[in-house]
Structure formats: C-alpha cells, structure tokens
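User: I would like a close look at one part of this model, with the cut-offs stated as you go. Please keep it brisk.

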Amino acid sequence: MIAEILSIGTELLMGQITDTNAQYIATRLAQYGINHYYNSTVGDNWDRLCGTIKTALERSDVVLMTGGLGPTDDDISKEAAAAVMDCELYLDERAKTEMEQRFSRMNRKMTENNLKQAYLPVGCVPLYNKNGTAPGCIINKNDKIIVLMPGPPKEMRPMLDEQVLPYIGQWCDTTLFSKELKIFNYGESALASTLKDMLDGQTNPTIAPYAQMGEVLLRVTASCRTAEEGERIVRPVIDEIKRRVGDYVYSEDGETLQAVCARLIKQSGLKLAAAESCTGGMLSSSLIDIAGSSEWFLEGAVTYSNEAKNKRLGVDMAVIEKVGAVSREVAALMAEGIAKTAGSDIGLSTTGIAGPGGGTAEKPVGLVYVGLYINGKTQVKELRLSGDRYRIRYNATQHALDMLRKALMTDDK
C-alpha cells in the first residue's frame, strides 16, 4: 500500500503556518509499515486542488488530506474530493446533531454556514470529530481511498490514530517496529565510523542516524508482523550497538536525558537541588519539565553574580577573587553549597562563559564547569563548548544531566 499526504491551505504555501500535520502523519504511516513516497501542499483553489488530488490518486493507493473542511467558502477539500471521486453530498444527521450540541455547550449560536460541515460524500465512512466541529470522512471507491481530516492538530491527530489508521491498517500485511537509541556526546562522524560495517550491511532491521544538538538519535527499525517479532529482530542489533558505544547510549526508547535522570533519581530515593550561573535556570527547568519532579527536586537557585554565589551558597569570596567565578573550585563549592543549604543529597552546579562577550585567552567563551555533589563526594567536569549563547547554555545543561545520569548509574551498582 502506497500513501500520499496532501495538505490544503494557502496559509501553508505562504509560510504563515508550519505543517506539523504532515510530519505527524508520516511518522504514524511508517509505524504502520505503509509506504509513503509523496507529500504535496496546495492552496485553496478549485482547479489546482482537483488536479493535485487526481495526480495523487494516479500514483498512490491512499491519499490523506488535512485542512479545508471548515464553514467558509474557501474550505473546499470535501467538495473537491467528492467531485474527483464522482460522489454526491448528503446531510449527515449525526454530524449535524453533534455540531449543534457542541455550539450549545459553548453557549454560542450556530450560524447557517456551519451546516456546510455536516455534508458528507454519499457512501463514505464518516469520521465524527469529538474535538471540533468539522467531521472527516473516508471515501473508498474504485480501489482508491481518500481520507479527509480537519486541519487543527488537536482534531486531526486523534482522528488519525483512533479511526483512520485502524481502517487502512486492514490492508497492511506488515508493520514497522522501531527503537530509538539516544546517544549523547558521541560525534556523528565518530559514530558512523564505529558502526560502519553495521550501517553498510544493514537489511532488516535498518539503522538510521539523525544528528541533533549535542547528540545522535539512532532509529533501529524492523519490518515485521507483530511487535514481539519486531523486538526479536532489533534486539541483537541494539545490543551490539550498545556494546560498541558503551554508556554514551542513554536511552533505547527515545527518552530525553532529563527523563532518564528523573527515573534514576526517583529509584535512588535521593533529593536534588541545583545552583546555576551560566545556564540561568535552564537546568532546573529541564528537570521540572518532568511530571512528578516535586517528589525529588527541592529547589533551583540562579546565582549569577559573585555576591549571590557567596550569599546564597556560601562560596568564599576569597576563592572567587583568587581563581575566578568560572573555575573548578567555584563549581565544586556551588554544588556543595546548594546541597547543604537546601538539605538535599545531590547538588548540581554550572558556571561558565556563555558569550558572546566576556571571554579571554585564558578563559574563552564556551568554557564551562559542571559540579556534582552526591552522597558526600564532589566531582567537577570541564567543558569547552562552541556555538552561540543559547547553544552553549543548552549543551552545558545536557552535559550536567549526563554527568548526573552516569553518577546515579554508578551509585546504583
């Protein structure tokens, strides 16, 4: 089965809206093992839309359309698809009733033009919309399928997952099973060299590397009939990658670094507090992003000035004057100070020069120290980072999380 994604809307062509729907649909098609060769975007023009639908049907079995199902005159997706498939429209009473009820709950009057949305192609499979007013539909005729879904992602995604994919999945003999290995601080070229024979000789499963900021994602994908079969196919390959790369692999399920750290902290029963200078709260924020972090995250302090490091964390001003705020010694004292004052088992700190100014020959922009105090022991890591101010702060945060991850894994053994 070959599928094509067709996004409708002049605002998409003009760049006023980013087409996140196509990305989401493509990902879900791959997970179902459905071949997907083309993406198209067309504006709200009858002739161009009908022509694009016809072209898509010539080269694909399924055309998934999003957008253009609203109440206004330029919402023409449904009418164009019905015309191409030679279908009349009828008033779907359930769609009409659900629309009236939705407007009533919102205490709004349903205007006459909204009724247009309740008209569906004769013979279609209606896709009722519990998250909006416009229903979608599936037209299955002459061995071709057109799927029409609303444009808002909060409406499209549940409709796709709950109604569309189960329907078209009936014609799929195989599916795709994937694992996402996240690898931090191991360069893309170095990884390609380490895994060269595996990348050159891949068949089933396949290995696809994706470079991201400071890390690499490896998607290992098997063509299979069931998830259990997929797990059996990918497992030897994943184990071999982890044997070669070691603890640079921090997840095989696509988890973020902070999610992995959160799980490990929770398992350890320890409490954590953070003291930040150059990262300016980014480290604390990344950890607080994880639901349930209040169980183990006590507090975060942005001690940007020397005075704040002294007053809040107890860092001796004499030490700062002697070696500078950006130093191993201060990073260690910050980690110890936040743990002591917050009453936590773990203290995590960052101090550095994020730029673009402030660097010297001795202490250039991108010099960062990460301090970690855990169970009475302190360690410090020196980083030499590059990039703009945001990139340096982001990568410093990720290095701090990775340092924490490795310490928790060692402590657990």
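How far is the sulfur of Cys137 from the closest cysteine sulfur, and which residue holds that sulfur?

Analyst: The model is predicted: local features need pLDDT of at least 70, side-chain atom pairs count only at pLDDT 80 or more, and totals for chains, interfaces and linings use all residues. Residues are numbered from 1 along each chain as its sequence is written, and side-chain values use heavy atoms, without hydrogens or water.

The closest cysteine sulfur to that of Cys137 belongs to Cys124, at 4.4 Å. That is too far for a bond. A disulfide here is a pair of cysteine sulfur atoms within 2.5 Å. Cys137 counts as buried, at 1% relative accessibility. Buried means under 20% relative accessible area, exposed over 50%, and partly exposed in between (1.4 Å probe, protein chains only).

The structure as a whole holds zero disulfides. Cys50 is in none either, and its nearest cysteine sulfur, in Cys87, is 13 Å away. Cys50 is also buried, at 10% relative accessibility.

Now the sheet. Helices (H or I, at least four residues) and strands (E, at least two) are DSSP runs, numbered from the N terminus. Strands pair if DSSP finds at least two bridges between them. Four strands form an open sheet in the order β10-β11-β9-β12, with antiparallel pairing. β10 (206–212) and β12 (249–251) are the edge strands, each pairing on one side only. From one strand to the next, the twist averages 30 degrees. Axes are lines fitted to C-alpha atoms, for helices over the stretch in contact; angles run from 0 to 180 degrees between N-to-C directions.

Within the sheet, β9 (residues 175–184) and β11 (residues 215–224) pair antiparallel over 10 bridges. Leu181 stands opposite Leu218 in β11. Helix α9 (residues 227–245) packs on this sheet and touches β9, β10, β11 and β12. Contact means heavy atoms within 4.5 Å. The direction of α9 makes about 150 degrees with that of β11.

Pro205 sits in the loop between α8 (196–200) and β10, and a cis peptide bond joins Asn204 to Pro205, with omega about 15 degrees. Asn185 lies in the loop between β9 and α7 (188–194). Asn185 has a positive phi of about 65 degrees although it is not a glycine. Asn185 is partly exposed, at 39% relative accessibility.
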